[in-house]
Each structure stands twice: as structure tokens, then as C-alpha cells.
Amino acid sequence: MMYVDLNADLAEGFAFDEALLGVVSSANIACGLHAGDAITIQNALTVAKRHGVRVGAHPSFPDRENFGRSEMQLPPQALKAHLLYQLGALQALCNNAGVPISYVKPHGALYNQASRDPELARLIAETVHQFNPNLKLMGLSGSLMLSVAEQVGLGTISEVFADRRYQPDGSLVPRSHPQAKIEDEQEAIEQVIQMITTQTATALDGSTINIKVESICLHGDNAHALLFAEKIRAELTTRGIEIRA
């Protein structure tokens, strides 16, 4: 049977964590430097454990003011300290909740920068490997970040996006572009089905790009996004595609 993982960012202070944890199979847990705190993280971990959802760390630049979406140029040792701080805090709460951390997915600007900056990608991969070499790194399918992680010795998880458009080189269309996001639900569902069944996506210019699909990122920061996530899962289930990490 064909299967795919569904992931979402959680413990970021939105009202739909519990409902979304009934939809996804992997949870990217905020670690406090872009959003979240000890209580929201603890609550998300408790519900994730109840649903058997795989847990990953979702560290960011230290940027609560901009929700981790502003690019930053930090000294390597400073960024390493911020990453270890976040991973360590989440590990302590996971130990308390009785759930393991399985992977790391950088958040926001950190994710995007590391997808094109080899030095940043290596720093992240080496820091994760130092923290726990058994963790996997989740990142944009086909990105530099994943190839560097593999060179360092980490396992990887290739991620695609249900509601984002792609450029011909496989990168995401920047959020500043008016067509960056797929607003039509049916179009997004069709993109997901295409990516899973053919391992390809249609770029903004109409070209076909090869893409490895291991996990699909869904959003759940508002009621509409939650409803869409539920529709994606229902459509995949109807087509005989199993949802599992």
C-alpha cells in the first residue's frame, strides 16, 4: 500500500493543536525561540502521545518578534548555542511526557536559508548530529540542506508542501510573490495527489520537476487551514493512501 506522512507545526500558540494532532502523523514542536512556551509544548506532547503522532523539534532563529520569519546572520557559535538550547529544552519535556524526538525540522527563515546556504546547512546538520546522531533532518525535498545532512551522516526526510507553488529549480516560490500560495483547495489536493503518485510537481512556469515525497506539510493556524488539512487526509484515505510516519 502507498503511504505518506503528514506533518504540521505545533505548540506555536494557535487554538487548533489538539484537533490537528488528530489529522497529522508527525508534529513539528516549536522550541520557544519563535513561538511556544513550556506549557504549550507540554500540552502538545501529551496529545501527540495520545494519538501516536511522531514528534520532531522545530527550532528557529531567536526571533519571537517576527515569528522566526526574518533572515539573520548570526556568528556560528551563537547559532549553535541557540539550536542546542532549543533541542535540549524540548528533549527535557519529551522525557517528562514519555515521547521520543525523532527528527528536526528548522523553522521559517532558518529553514529557507539553510536550503541554499551550505555553511548554514552544515552547521545545523553537525549540531543535530552532535546532539543525537540518530535524529533525522526534515527539509525541502531536493534541497541543499538535505544533501549536506546526508554528508554529515544524518538520515533525512524529504518534505513537500500542499499549498505552496514551486519554481523550476524545485525551490518554493517566495511568499512575496502573488502566486506563492495555492488558495484553491481542489488545486492543492490535486498537487498533493500528483506529488505522491508520480513523484513530480508542476512548477509555476508549467514545467514538470522531479520531487521526492516522504512528508507533506499542512498548516493549522486557523479554522480554514484545519478544515483543509482534514480534507487532504480524507482524500488520501479515499484513494487508498495510508497516512503514517
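Is Q73 buried or exposed, and what is its relative accessible area?

Reply: This is a predicted model, in which local features need pLDDT of at least 70 and side-chain atom pairs count only at pLDDT 80 or more, while totals for chains, interfaces and linings use all residues. Residues are numbered from 1 along each chain as its sequence is written, and side-chain values use heavy atoms, leaving out hydrogens and water.

Q73 is exposed, with a relative accessible area of 69% (buried is under 20%, exposed over 50%, partly exposed in between, with a 1.4 Å probe and protein chains only). Q73 belongs to the loop between strand β3 (54-58) and helix α3 (76-97) (DSSP runs: helices are H or I, at least four residues; strands are E, at least two). Its C-alpha atom is 9.9 Å from that of Q113, 40 residues away along the chain.

The structure holds 2 aromatic pairs (Phe, Tyr or Trp rings, the six-membered one for Trp, with centres within 6.5 Å; planes under 30 degrees apart are stacked, over 60 edge-to-face, the rest tilted). F14 and F67 are edge-to-face, because their planes stand at 65°, with centres 6.1 Å apart. This pair links the loop between β3 and α3, where F67 lies, to F14 in the loop between β1 and α1 (17-20), 53 residues apart. F14 is partly exposed, at 33%.

Y111 and F161 also pair edge-to-face, with 6.2 Å between centres and 90° between planes. Y111 lies in helix α4 (residues 108-114) and F161 in strand β6, so the pair ties together parts 50 residues apart in sequence. Both Y111 and F161 are buried.
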